[in-house]
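Trainee: I have a new model open and would like to learn how to read it. Could we go through it together?

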Amino acid sequence: MTAPFNFSAGPAMLPRAVLERAQEELRSWRGSGISVMEISHRDPAFMQMAFQAEQDLRDLMAIPQNYQVLFMHGGGRGQFSAVPQNIAAPNATVDYLNCGIWSDFAIREAQKYVAKVNVVAGVIDTDQGRAIAPANSWQVSEDAAYFHYCPNETVDGLALHQIPSHIKAPLVADMSSTILSEPLAVEQFGIIYAGAQKNIGPSGFAIAIVREDLLGHAQGSTSTIMDYTVQAQDRSMYNTPNTWAWYLSGLVFEWLKEQGGVAAMGAINQQKADLLYRYIDSSAFYSNPVHPDYRSKMNVPFLLADSALDGKFLQLAEAQGLLGLKGHRFVGGMRASIYNAMPLEGVQALVSFMQEFEQKHT
Ligand SMILES: *Cc1c(COP(=O)(O)O)cnc(C)c1O
């Protein structure tokens with residue numbers, strides 16, 4: 001067995017080079033004799049590192065100057081409440097596209113903070129599998145404070161690949177499982193947010209990219225640490241940030257730059273997804289339930305024709321160093337998460353294993 005390949009949906013695999021660098025620097029960060037976790041966040045060396053991480057993210061995503069980049073607490077779900085509290089009044093109407101499990105959680109959280117959460121459309125079944133209702137059928141509100149959607153539903157393996165740029169309200173996107181996986185037109189969005197543990201770094205940490213004209217409207221009851229305006233003024237250091245997560249995320253951004261940035265990642269990610277879907281589609285033993293136009297490039301769920309073999313599949317996969325393939329507890333089956341840190345060799349190893357398993361059991 002070579003290095004194990006970790007297909008966990010999140011917390012997910014980190015680039016090996018990043019872990020090695022963190023290990024090297026763990027006990028003495030930049031020659032200080034202490035670790036980065038033991039330094040004040042106000043220390044000039046820490047602040048320099050933190051702001052460089054922000055700059056690297058800005059470079060990678062080509063984030064325009066009129067957006068604030070915030071390093072927040074509370075992971076992806078923390079943003080489910082931060083968004084309505086920060087940019088909608090309590091009596092507002094907000095629009096949500098319901099593409100799957102994470103959209104659904106976001107909707108239920110928004111209902112606590114705004115009077116009307118309008119669900120514009122949802123998932124539909126088609127002859128070719130599950131899909132998202134076509135945009136011309138969406139019941140969009142006239143006066144929505146924002147339009148929220150999740151471009152990549154991590155559990156369902158369902159993605160909306162086109163930005164719904166026809167929507168007039170500011171677009172808010174939960175990119176927890178797709179951020180940095182391919183080039184993106186940031187200027188089309190009002191807010192992009194992501195929990196860090198899929199494509200960036202440690203869990204409990206989140207990044208919010210907020211267009212400046214949306215600041216200054218937080219509801220009075222908003223918790224100060226979740227207030228975008230306060231965090232923007234204080235450069236995400238209103239209280240002690242998660243310094244370890246910020247540092248590791250910075251190492252991932254550096255690594256991404258070395259790989260050639262998001263364009264290069266996008267090309268590899270496409271190759272990885274094509275390889276896996278092509279094999280699944282060619283086999284009668286495995287299946288993917290999603291319409292080809294709506295398939296996620298990051299999370300590939302698949303079912304075995306005989307679910308009685310699931311346990312055996314997982315056990316043998318693990319023995320070969322293919323980890324974290326069990327599907328989400330809500331949907332069962334298998335799921336291979338193939339974020340930026342997963343090399344092409346990992347997907348090749350998975351496909352070979354799937355072929356062997358199929359041959360043995362048909
Ligand atoms: C994982 C995930 C979340 C939840 O993130 P937490 O950090 O656990 O709160 C939210 N949205 C999407 C799309 C996710 O994949």
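Predicted model: local features only at pLDDT ≥ 70, side-chain atom pairs only at ≥ 80, totals over all residues.

Trainee: In what order do the 7 strands of the open sheet lie?

Mentor: The order is β2-β12-β11-β10-β7-β3-β4, with mixed pairing. From one strand to the next, the twist averages 20°.

Trainee: Which strands stand at the edges?

Mentor: Those are β2 (67–73) and β4 (116–121). Each has a single partner strand, so one side of each is left without a neighbour in the sheet.

Trainee: How do β3 and β4 run, and how many bridges join them?

Mentor: Strand β3 (residues 93–97) and β4 run parallel, joined by 5 bridges. To find your place on screen, look for D95, which stands opposite N118 in β4.

Trainee: Which helices pack on the sheet?

Mentor: Helix α3 (residues 75–87) is one of them, touching β2, β3, β10 (171–174), β11 (191–195) and β12 (205–211). The direction of α3 makes about 155° with that of β11. Helix α6 (residues 243–258) also packs there; it touches β2 and β12, and its direction makes about 70° with that of β12.

Trainee: What about a pair of strands joined by a hairpin?

Mentor: Look at β5 (residues 123–126) and β6 (residues 129–132), which pair in the antiparallel sense over 4 bridges. The hairpin joins β5 to β6 through 2 residues, and D125 has R130 in β6 as its bridge partner.

Trainee: And how should I read two helices packed together?

Mentor: Two packed helices are described by the angle between their axes and the distance between the axes. Here, the axes of α7 (residues 261–282) and α9 (residues 344–360) come within 9 Å and cross at roughly 10°. Angles under 35 degrees count as roughly parallel, and α7 and α9 are therefore roughly parallel to each other. Among the residues making the contact are L275, L276 and I280 of α7 and V347, L350 and M354 of α9. By class, this contact has 9 nonpolar, 3 polar and 2 charged residues.

Trainee: Last one: which residues come nearest to the ligand?

Mentor: Of the 13 residues around the ligand, R77, T154, D174, Q197 and K198 come nearest. A backbone N or O atom of R77 is 2.8 Å from a ligand oxygen atom, and one of G76 is 2.9 Å from a ligand oxygen atom. Q197 uses its side chain instead: a polar atom there lies 2.9 Å from an oxygen atom of the ligand.

Key
Residues numbered from 1 in each chain as written. Heavy atoms only, no water. Axes fitted to C-alpha atoms, helices over the stretch in contact; angles between N-to-C directions. Parallel < 35°, antiparallel > 145°, perpendicular 65-115°, else oblique. Contact = heavy atoms within 4.5 Å. Nonpolar A, V, L, I, M, F, W, Y, C, P; charged D, E, K, R; others polar. Pairing = 2+ DSSP bridges. Near = heavy atom within 4 Å. Polar contact = N/O pair within 3.5 Å; in protein donor to acceptor, adjacent residues only side chain to side chain.
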